[in-house]
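Visitor: Could you walk me through this one while I have it open on my screen? I will ask as I go.

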Amino acid sequence: MDSPLIRIDDKQVPLYRIVWVADVPHFCGEADCMHEGDYEVRLDVDDSLWTGATERDAVVEALTKWCSDPRGEEGDWL
Ligand SMILES: [Zn+2]
């Protein structure tokens, strides 16, 4: 089976590269912050993607499915 992909911020990301997904919107107080209110999706390289609440929920759902069926044996996801 091909690697499961999820679309985040106009990028197709393999689920296995995701380390964690933020539960709350980003807030750091920096005046020039570009990601205020976005949800952070941490990748296993030293990088993060930023997304909105709806897309974040889709990422968590895809991860949850994948983690419970990593080989895609149920074959019904995506
Ligand atoms: Zn910030």
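This is a predicted model: local features need pLDDT of at least 70, side-chain atom pairs count only at pLDDT 80 or more; totals for chains, interfaces and linings use all residues.

Visitor: What about the accessibility of Arg 17?

Guide: Arg 17 is partly exposed as well, and its relative accessible area comes to 27%.

Visitor: How many salt bridges are there in the whole structure?

Guide: A search of the whole structure gives six. One of them joins the side chains of Asp 46 and Arg 42, at 2.5 Å from N to O. In that pair Asp 46 is exposed, at 71% relative accessible area, whereas Arg 42 is partly exposed, at 24%.

Visitor: Which residues are joined into one network by shared partners?

Guide: Asp 23, Arg 56 and Asp 57 are joined in that way, through salt bridges that share partners.

Visitor: Take Asp 23 and Arg 56, then; what is the N to O distance?

Guide: Their side chains meet in a salt bridge with an N to O distance of 4.0 Å. The pair links distant parts of the chain, since Asp 23 is in the loop between strand 3 and strand 4 and Arg 56 is in helix 1 (residues 53-68), 33 residues apart. As for accessibility, Asp 23 counts as exposed at 68%, but Arg 56 is buried, with a relative accessible area of 11%.

Visitor: Switching to the metal: which residues are the protein donors of the zinc ion?

Guide: The protein donors are His 26 through NE2, Cys 28 through SG and Cys 33 through SG, and they lie 2.0 to 2.3 Å from the zinc ion.

Visitor: What spacing do those donors follow along the chain?

Guide: The spacing of the zinc donors is H-x1-C-x4-C.

Visitor: And what is the relative accessibility of Cys 28?

Guide: Cys 28 has a relative accessibility of 36%, and therefore counts as partly exposed.

Technical notes: Residues are numbered from 1 along each chain as its sequence is written. Side-chain values use heavy atoms; hydrogens and water are left out. Donors are N, O and S atoms within 2.8 Å of the metal (3.2 Å for Na, K and Ca); water is not among the atoms, so sites may look incomplete. Buried means under 20% relative accessible area, exposed over 50%, partly exposed in between (1.4 Å probe, protein chains only). Helices (H or I, at least four residues) and strands (E, at least two) are DSSP runs, numbered from the N terminus.
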